[in-house]
Amino acid sequence: MRDIKKSIILGFGLFAMFFGAGNTLLPSYIGIRVGGAFPLSVLGFVLTGVGLPLLGLLVVIRNEGDYHKIFEPMGEVFFKIYLFVSFLLIGPIIAMPRLAATSYEMGVLPVFPNANKLIITFVFFAICLLCSINKSKVVEIIGRYLTPLLIIMLVILIIVGIVGPKVDARSTEVSMPFIYSFLEGYNTLDAVASIVFAKLIYDTVKNEKNRMGISVKASIVAAICLTVVYAGLVYLGNRIPVADGLNLSRSELIMNITNKLLGKLGIYALIIIIILACVTTAIGLISSVSNFFNELSKNKLGYNRIAIIITFVSFLIAQLGVDDIINLSVPVLCVFYPVLIIILILNVFKGKIITNKIIRISTYLVLILAIIYQLKNFI
């Protein structure tokens, strides 16, 4: 019974860390564009938005939380460069600044249009930093206190949408709904984050007798929660009538859907959802990224000092705004995701047939092709 309780708490913690504000915006935007291909689109988005993070968690947990091992076939240089850049992306360069900027633009501006961005983002990161300093309790804090409220709010929004007035599925606006939704899942950044979240989870249970079982169960709990919420939000975009919905931005669409279903009260609820989603994800990112750079420096810099540094850098970049930060991330994700996908899949079947040499050749080939494709787009 104790193991089940701990697995549920850790699973909620994982769900909260994966479910950032960007995850709130993406599904409904897919729903309004895929028409009658709703089930297929949910499958596509879930594969990259849930399946890949789950795969990353299980692969790293199977290696006792040591994500270094899955990159061993690639050689020392590749391993260090890839992980270094990965942690920068999910930390102070893209993910963390985007969370703060989103909290400000969608969580604060609708209520306080004259709010000072510098002050709001400073308060945001101060709260996240304080919660992450006590790293041994990070996941428990998230799972016990913040996530239940987050889930309740999302469930209310989805249930009201399901039982309330709705329209038939619109015509399909994209040529390949499954592929479109699959690629949209890249924007969650969760597959990249999963390899470090896995270490955080494993470190939390490493002194437990059934640590592997608890870790796997927690990962499954998180995956189920993500799938249900994603499917529900895609459904809202697909069936809730919104005036001129196809011409709205992601944030405007979810705001309009919420206003349609719950009125002004719903808007305030959505604001709370966004702020909680951003804060819980940022806490997990600060902890994981700080652990990585602390290990990289061989404990010379210290966890707390590194946490302060990456939080400060994130604070500075957050002043750019959501759109600018997202635009910076697109070409990078289109290189990183294919490489990570092939590494994770081949590690699952690693053995007599899938050797280190096959993993190395396949990964470098995918990397080269992805870079060439991005260079072609740039030119």
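A: Contact here means heavy atoms within 4.5 Å of each other. By that rule, and not counting residues up to four places away in sequence, Val-335 touches Leu-367, Ala-370, Ile-371 and Gln-374. Before going on, a word on the source: this is a predicted model, where local features need pLDDT of at least 70 and side-chain atom pairs count only at pLDDT 80 or more, while totals for chains, interfaces and linings use all residues. Residues are numbered from 1 along each chain as its sequence is written, and side-chain values use heavy atoms, with hydrogens and water left out.

Back to Val-335, which sits in helix H14 (residues 322-348); helices are DSSP runs of H or I with at least four residues, strands are runs of E with at least two, and both are numbered from the N terminus. With a relative accessible area of 14%, Val-335 is buried. That word means under 20% relative accessible area, against over 50% for exposed and partly exposed in between, using a 1.4 Å probe on protein chains only. Its C-alpha is 25 Å from that of Leu-226, a residue 109 places away in sequence.

Now for the core itself. The largest nonpolar core has 122 residues, and the ones with the most contacts inside it are Phe-15, Phe-19, Phe-71, Phe-87, Phe-124, Ile-195 and Phe-197. Helix H12 (residues 250-296) gives the largest share of this core, 21 residues. A core in this sense is a set of buried Ala, Val, Leu, Ile, Met, Phe, Trp, Tyr and Cys residues joined through side-chain atoms within 4.5 Å. Take Ile-195 from that list: leaving aside neighbours within four places in sequence, it is in contact with Val-60, Tyr-67, Ile-70, Phe-71, Leu-83 and Leu-340.

Ser-28 lies in helix H2 and counts as buried at 0% relative accessibility. Setting aside neighbours within four places in sequence, Ser-28 is in contact with Leu-233, Val-234, Gly-237, Leu-253, Ile-254 and Ile-257. Gly-31 belongs to helix H2 (residues 21-34) as well, and is buried with a relative accessible area of 1%.

Ile-257, one of the contacts of Ser-28, has its C-alpha 8.7 Å from that of Gly-161, although 96 residues separate the two along the chain. Gly-161 is in helix H8 (residues 138-163) and is buried, at 0% relative accessibility. Ser-215 is another buried serine, with 0% relative accessibility, and its place is in helix H11 (residues 211-239). Not counting residues up to four places away in sequence, Ser-215 touches Ile-61, Ile-201, Tyr-202 and Val-205.

For a whole helix, look at H9 (residues 177-184), where Pro-177, Tyr-180, Ser-181 and Glu-184 are the buried residues. Seen down the axis, they fall within an arc of 95°, so they line one face of H9; the arc is that of the directions from the helix axis to the C-beta atoms.

Then there's a helix pair worth a glance. Helix H5 (residues 76-93) and helix H6 (residues 95-108) pack at an angle of about 25°, with their axes 3 Å apart. That makes H5 roughly parallel to H6. Axes are lines fitted to C-alpha atoms, for helices over the stretch in contact, and angles run from 0 to 180 degrees between N-to-C directions; under 35 degrees counts as roughly parallel, over 145 as roughly antiparallel, 65 to 115 as roughly perpendicular and the rest as oblique. On the H5 side, Leu-89, Ile-90, Gly-91, Pro-92 and Ile-93 meet Ala-95, Met-96 and Pro-97 in H6.

Last, two loop residues for contrast. Leu-189, in the loop between H9 and helix H10 (190-205), is buried at 6% relative accessibility, and its phi is near 65°, a positive value in a residue other than glycine. Lys-298 has a positive phi too, near 55°, but at 67% relative accessibility it counts as exposed; its loop runs between H12 and helix H13 (303-317).
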